[in-house]
Amino acid sequence: MSYRRDHRAHRAALFDNYDSIEEGGIRASSSYPRDLDERDNDKAVDSLQDRVSFLKKLTGDIHEEVENHSRVLDRMGNEMDSSRGIMSGTMDRFKMVFEKKSNRKMCKLVGYFVLSFFLIYYILRFLMYFMYG
């Protein structure tokens, strides 16, 4: 029992300048003038209004940015769909070309020609590098 009495005494000594503790903080005792409380409240309201207006502007900017990104993603999706259509048409044409043996031989010949062209180009470039530095 004496522990509770001591605890209450400590609490009373700690909070003797305050009427009560509220959820939002400590309420000042009635010994302070009301003008000070009103000014503090006005400052707090002004500060809150500034914060609210800043958050409102920030939210508007975020909304605008999201709308821009949404439009970009929609355009990119449409372009990818059209690219997919072009690629599938090209693959269909390649399949038709490779169905016949004579076309397959022609494609191999063109492939060898392109490969030899690049091989000769890089060999000449390599030689020029060592000859002229």
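1. Let us start with a single side chain: Asp61 is partly exposed, with a relative accessible area of 40%. Here buried means under 20% relative accessible area, exposed means over 50%, and partly exposed covers what lies in between (1.4 Å probe, protein chains only). Please keep in mind that this is a predicted model, in which local features need pLDDT of at least 70 and side-chain atom pairs count only at pLDDT 80 or more, while totals for chains, interfaces and linings use all residues. Residues are numbered from 1 along each chain as its sequence is written, and side-chain values use heavy atoms, with hydrogens and water left out.

2. Now the overall layout. Of the 133 residues, 1% count as buried. The protein exposes about 13100 Å², and carbon and sulfur atoms supply 61% of that area. Accessible areas come from the Shrake-Rupley method with a 1.4 Å probe, and for residues only the protein chains shown count as cover.

3. Back to Asp61, and to its partner. The side chain of Asp61 forms a salt bridge with that of Lys57, at 3.4 Å from N to O. The term means a side-chain nitrogen of Lys or Arg within 4 Å of a carboxyl oxygen of Asp or Glu. Asp61 and Lys57 are four residues apart in helix 2, so about one helical turn separates them. Lys57 itself is exposed, at 56% relative accessible area. As a general point, side chains of opposite charge can pair when their charged atoms come close.

4. By this rule the count is two salt bridges, and Arg84 with Asp81 makes one of them, at 3.1 Å from N to O. This pair also lies in helix 2, with three residues, about one turn of the helix, between the positions. Arg84 is exposed at 55%, whereas Asp81 is partly exposed at 46%.

5. Next, the charged patches. Asp35, Glu38, Asp40, Asp42, Asp46 and Asp50 form a negative one. Patch members have over 30% relative accessible area and no salt bridge; like charges are joined within 9 Å, and nonpolar side chains (Val, Leu, Ile, Met, Phe, Trp, Tyr) within 5 Å. Lys and Arg count as positive, Asp and Glu as negative, and His and the chain ends are not counted; each charge is placed at NZ of Lys, CZ of Arg, CG of Asp or CD of Glu. Asp46 belongs to helix 2 (residues 34-99) and is partly exposed, at 43%.

6. A positive patch is made by Lys101, Arg104, Lys105 and Lys108. Lys105 sits in helix 3 and is exposed, with a relative accessible area of 62%.

7. Finally, the nonpolar patch covers about 1300 Å², and its members include Leu119, Ile123, Phe126, Phe130 and Tyr132. Phe130 lies in helix 3 (residues 101-132) and counts as exposed at 56%. For residues 109-132, an unreviewed UniProt entry lists "transmembrane region". UniProt positions follow the numbering used here, with shortened feature names, and annotations may be inferred rather than shown by experiment. In the model, residues 109-132 are 100% helix and 0% strand, with their end C-alpha atoms 34 Å apart.

How values were computed. Helix = DSSP H or I, 4+ residues; strand = E, 2+ residues; numbered from the N terminus.
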